[in-house]
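Me: I would like to learn how to read a structure like this one. Could you take me through it feature by feature?

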Amino acid sequence: MPAPSSSPIPAATQRPAAPTALAPDQCRSLLEHLAQLADPRQRRGRRHALGTVLAVAACAVLAGATSLAAIAEWAADAPGPVLAALGVRRHPLTGAWRPPAEATVRRVLACVDPDALDRAIGAWLAGQLPPTRPPPAPHPRRAVAVDGKTLRGSGHHPRSPVHLLAVMDHTSRAVLAQADVEATTNEIARFRPLLEGLDLADTVVTADALHTQREHADWLVTAKHAAYVLIVKANQPTLHHQLQRLPWRNIPLADHTRDRGHGRVETRRLQVTTIAGLDFPHATQALRITRRVRSLHNRRWRTVTVHAVTNLTAAQASPARLADYVRGHWGIEALHHIRDTTFAEDASQTRTGTARRVRKVRRGL
């Protein structure tokens, strides 16, 4: 159900897309995954199952809640069948529904294990994805994007801001897993732990230049049996210089797209060539993507040229397919935008325990 109009959060109708209600079997499946989490609370005084509190919070977020108070308000106003599907109990004498209050939600989110919750939500989301049908040749593999995001509002706290690394399915935009990047480490060190538990066989992993690391590429191909499309910049100077020196003027244009919307016009041109001896593990093809963007209000074009490498051969992925993988990776920026504008993540300054991290875990729904 939508969040009540008295709540300070945006109405569901103002969101980019209408919220999707969970079917009863989806609620049961979600509760089963959440039931696998260890409850950190003391047994004495528990009134609500851990899975129920987390499921209520998740559904409130799906309905448009962006604060702990709005989550509790949504739960208080939710109809009986919804509460029953989420495992909320009734008072044994009065029969009134007893949803978790704001204090309960706050305490649970502050003490639950965020990594375990990440795995449970990711496993549930993976189970909700439609089964893949046998695709026509050439095989269009599933693709996932890896990217990080700092929650800016958390930077107002004396402690370091929260920074998360996430992996998103290109097609469904579902967040399959995410990992906390602590102040003592960086995204590069969290890349393998993030993807370790995912089945990436026959999957294309896309990432920006930060994760264009030789160790990452070799591990994806040899250990995870995956493919990659990675952006190359100056952090790989030898490879970057090698790609820049290729005779691109003599390489024909392989794919060209033009989009108009959001107040701008954008053209993308892709060139691709198979080349032996690329200074990167398992790389077989080099790409050059030229993006030209201009506002609808002026005629000045802004041109950006990026290079990329992939271990996919020309027989495994056509130029159009490679262009889709690159364009699909940029879709994770749209996910960041939705989290910032719709769920107001950057504006939130919640820092109690693991509550800030857990709130973003739920946003993967």
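Reply: Start with contact: it means heavy atoms within 4.5 Å. Leaving aside residues up to four places away in sequence, T212 touches L230, I231, V232, N235, Q236 and F280. This is a predicted model: local features need pLDDT of at least 70, side-chain atom pairs count only at pLDDT 80 or more, and totals for chains, interfaces and linings use all residues. Residues are numbered from 1 along each chain as its sequence is written, and side-chain values use heavy atoms, with hydrogens and water left out.

Me: Where does T212 lie? Is T212 buried or exposed?

Reply: Helices (H or I, at least four residues) and strands (E, at least two) are DSSP runs, numbered from the N terminus. T212 sits in the loop between β4 and α8. Buried means under 20% relative accessible area, exposed over 50%, and partly exposed in between (1.4 Å probe, protein chains only). T212 has 0% relative accessibility, so T212 counts as buried.

Me: Which backbone oxygen does the side chain of T212 reach?

Reply: A polar contact is a pair of N or O atoms within 3.5 Å; within protein, one must be able to donate a hydrogen and the other to accept it, and residues adjacent in sequence count only if both atoms are side-chain atoms. Here the T212 side chain reaches the backbone oxygen of I231, at 2.3 Å.

Me: How many residues of strand β5 are buried?

Reply: Six of the six, in residues 227-232, so β5 is largely enclosed by the rest of the structure. Look at both faces. A227, V229 and I231 are buried on one side, and Y228, L230 and V232 on the other.

Me: In which sense does β5 pair with β4, parallel or antiparallel?

Reply: Two strands pair if DSSP finds at least two bridges between them. Strand β4 (residues 203-207) pairs with β5 in the parallel sense, over four bridges. T206 has V229 in β5 as its bridge partner. With strand β9 (residues 302-310), β5 pairs in the antiparallel sense, also over four bridges. There, A308 is the bridge partner of I231.

Me: How many aromatic pairs does the structure hold?

Reply: Rings of Phe, Tyr and Trp (its six-membered ring) pair if their centres lie within 6.5 Å; planes under 30 degrees apart count as stacked, over 60 as edge-to-face and the rest as tilted. The structure holds one such pair. The ring centres of Y228 and F280 are 5.9 Å apart and their planes are at 80 degrees, so the pair is edge-to-face. Y228 is in strand β5 and F280 in the loop between β7 and β8, 52 residues apart. Both Y228 and F280 are buried.
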